[in-house]
Amino acid sequence: MVTPGSVPAGATSPRGIPLPRNEWDRLDGVEPLEAPRVSVVVAHYEQQAQLDRTLLALRRQDHPASRLEIIVVDDGSVRPPRVPGDVRLIRQEDRGFRLAAARNAGLEAASGDVVCFLDADTAPERSYVRELTRLPALASDVVTVGRRRHAELGRLEPSAELSSEAPAVALPDPAWLTDAYARSRDLRDADDRSYRFVIGAVIAADAGLLRETGGFDETFSAYGGEDWEWAYRAWLRGALLAHVPAATAWHDGPEWAGRPEAALARKNAEAQRLADLIPVPGSAGRGRPGRFADVVVSVPAGAGQEAAPWFVTLDSVAAELPLAALPGDERSIERSRIRVEARRPFRTSPGALRAAVERVSREGLGALVVVDPADGSVLCVIHSRRAEARAARWGRSDLFDSVAEAVPGVRGVGGDVDVEAYLGGWG
């Protein structure tokens with residue numbers, strides 16, 4: 001369990017400016033003292049013409065060429081792609097759709113401080129690298145996602161200037177994504193489900209953060225999901241999420257939902273796979289719980305859980321938080337977003353503790369200390385695991401606010417609790 005001041009396994013030293021909550025906009029107008037060393041990892045499979053366009057677009061970047069490394073990772077094309085001599089080519093054998101493994105191979109080879117991921121069919125405008133890497137260069141906790149636009153690029157000359165000519169052959173932007181960025185103010189108001197708006201073909205992150213999170217899950221072997229799964233793990237490790245619309249890259253063709261292969265059965269399979277890996281409400285299943293718990297509940301050592309007051313505590317918590325791991329639960333707590341630390345026995349009325357847990361996430365709190373309205377003693381502390389991870393990385397505890405107050409419907413119980421009355425509903 002991560003606690004402030006400790007260093008998680010695989011953690012790296014942070015770089016740049018420690019930011020509170022998800023307030024990356026504190027860096028508006030701030031530029032790095034020098035351009036960061038950037039590695040661009042381009043995933044490719046049987047797309048030579050599209051790859052040529054993307055590599056030319058990368059040559060045209062206004063980011064200094066001496067600070068830009070380009071790595072193409074080929075996912076088993078029959079013929080190796082042709083790349084310029086100063087572009088590094090990595091090949092992996094064709095064992096199905098292995099985009100996650102391709103991105104990890106590029107990450108392993110990358111020497112830059114910041115890593116950008118692109119797909120071969122997604123060509124960036126001239127300012128793309130500079131715009132997308134500004135925030136991760138200033139604050140290594142920030143994960144940025146650019147604007148992926150769609151167009152029939154095949155109708156343009158390979159040397160076409162994308163910013164001025166691609167709009168003439170543009171296809172509709174996905175409304176669900178455009179609306180999400182507008183509602184969240186470009187992810188300034190990101191929450192525990194904002195991983196859904198991190199599009200793997202247009203992201204950048206600090207190389208150390210990527211390696212600390214373990215990179216992408218290579219068990220994904222079909223289109224979609226590997227970027228969202230990684231983004232959720234990065235969020236739990238304290239990452240900030242930022243949408244950078246000025247960093248525009250053009251995808252050749254419509255979005256996935258507009259392609260004929262986007263069958264509902266395939267999309268459902270992706271959603272069910274993510275339900276097993278992302279335990280947050282709204283993503284996780286209820287009829288078939290996944291392997292990870294959303295909330296982990298602890299009681300003091302030697303508390304005597306068989307005693308009546310603790311029996312009531314754990315029973316009322318289980319009723320409130322069905323995705324929670326109580327003491328003795330065998331589910332993994334590795335991806336829990338909330339830690340409920342019970343200090344003394346209490347009971348919660350329907351909806352009370354659940355609302356307190358969601359408040360911690362909604363308001364971006366580091367902790368909510370729940371006190372007994374009768375005597376002011378601490379009943380439990382609701383911790384944000386994300387806040388704990390960032391506190392551990394930076395060695396400071398002031399990056400998230402904490403509050404202490406009574407929560408209506410949550411009250412202490414003593415040794416005179418009547419278990420039968422509690423269970424029966426009359427006391």
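Me: Which helix is included in what covers the buried residues of α8?

Reply: Helix α7 (226–236) is included, contact meaning heavy atoms within 4.5 Å. Helices (H or I, at least four residues) and strands (E, at least two) are DSSP runs, numbered from the N terminus. This is a predicted model: local features need pLDDT of at least 70, side-chain atom pairs count only at pLDDT 80 or more, and totals for chains, interfaces and linings use all residues. Residues are numbered from 1 along each chain as its sequence is written, and side-chain values use heavy atoms, without hydrogens and water.

Me: Why is Phe 197 called buried?

Reply: Buried means under 20% relative accessible area, exposed over 50%, and partly exposed in between (1.4 Å probe, protein chains only). Phe 197 has 8%, so Phe 197 is buried. Trp 176, at 39%, counts as partly exposed.

Me: What makes the pair of Trp 176 and Phe 197 tilted?

Reply: Rings of Phe, Tyr and Trp (its six-membered ring) pair if their centres lie within 6.5 Å; planes under 30 degrees apart count as stacked, over 60 as edge-to-face and the rest as tilted. Here the centres are 6.4 Å apart and the planes at 40°, so the pair is tilted.

Me: Why is the pair of Tyr 195 and Tyr 232 called edge-to-face?

Reply: The planes of Tyr 195 and Tyr 232 stand at 75°, with 5.7 Å centre to centre, and the pair is edge-to-face. Tyr 195 is buried at 5%, and Tyr 232 at 1%.

Me: How do you know that Arg 273 lies over the face of Phe 220?

Reply: A charge sits over a ring if NZ of Lys or CZ of Arg is within 6 Å of the ring centre and within 35 degrees of the ring normal. Arg 273 is at 4.2 Å from the ring centre and lies over the face of Phe 220.
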